[in-house]
Amino acid sequence: MAVLVPVVRPFILFIGSPELLSMAVFGISMVAVLSGGWAERVEHRRMMVVADVVRGGALAVTAAVWLAAGGPLAWTLFPAAFLVMGGIALYRPAMQTVLP
């Protein structure tokens with residue numbers, strides 16, 4: 001977490017706003033607290049697949065809303081950032097336990 005925020009911050013601030021950065025950090029911090037324990041209890045590959053489905057679903061729903069609205073809507077970025085960063089927080093510990 002301490003390494004991720006300084007790395008992600010310039011990209012999000014370049015693209016969006018401080019609010020978008022706060023949702024991304026909130027998403028990863030809410031899940032990161034529990035993800036290590038979950039990675040040990042749940043089958044690793046299943047957890048990685050679920051995390052990828054959550055991230056892909058968030059992006060697909062965001063794209064569908066944008067297509068239905070006829071253009072990008074700023075409010076859709078906040079839940080998408082929350083879910084994508086939460087999915088990353090689930091994926092990373094599971095991936096680290098699978099790799100030798």
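Is the crossing of H2 and H4 left-handed or right-handed? It's right-handed. Quick reminder before I go on: this is a predicted model.

Okay, so let's stay with that pair. H2 covers residues 18-41 and H4 covers residues 77-98. Their axes come within 7 Å and cross at roughly 30°. Angles under 35 degrees count as roughly parallel, and therefore H2 and H4 are roughly parallel to each other. As for what sits in the contact of H2 with H4, we've got 19 nonpolar, five polar and two charged residues.

Now the other partner of H4. Helix H3, residues 44-69, packs against H4 with the axes 8 Å apart and an angle of about 160°. That angle makes H3 roughly antiparallel to H4. And the handedness here? H3 passes H4 in a left-handed crossing.

If you want to click through the contact of H3 with H4, the H3 side includes Met47, Met48, Ala51, Val54, Leu59 and Trp66. Over on H4, look for residues including Leu77, Leu83, Val84, Ile88, Leu90 and Met95. By class, that contact divides into 17 nonpolar, four polar and three charged residues.

One detail to zoom in on: Arg55 and Tyr91, which are both among the residues where H3 and H4 meet. The charged end of Arg55 sits over the ring of Tyr91, 5.0 Å from the ring's centre.

How values were computed:
Residues are numbered from 1 along each chain as its sequence is written. This is a predicted model: local features need pLDDT of at least 70, side-chain atom pairs count only at pLDDT 80 or more; totals for chains, interfaces and linings use all residues. Side-chain values use heavy atoms; hydrogens and water are left out. Axes are lines fitted to C-alpha atoms, for helices over the stretch in contact, and angles run from 0 to 180 degrees between N-to-C directions. Helices (H or I, at least four residues) and strands (E, at least two) are DSSP runs, numbered from the N terminus. Angles under 35 degrees count as roughly parallel, over 145 as roughly antiparallel, 65 to 115 as roughly perpendicular and the rest as oblique. A crossing is left-handed if the near helix is turned anticlockwise from the far one by less than a right angle, and right-handed if clockwise. Ala, Val, Leu, Ile, Met, Phe, Trp, Tyr, Cys and Pro count as nonpolar, Asp, Glu, Lys and Arg as charged, and the others, Gly among them, as polar. Contact means heavy atoms within 4.5 Å. A charge sits over a ring if NZ of Lys or CZ of Arg is within 6 Å of the ring centre and within 35 degrees of the ring normal.
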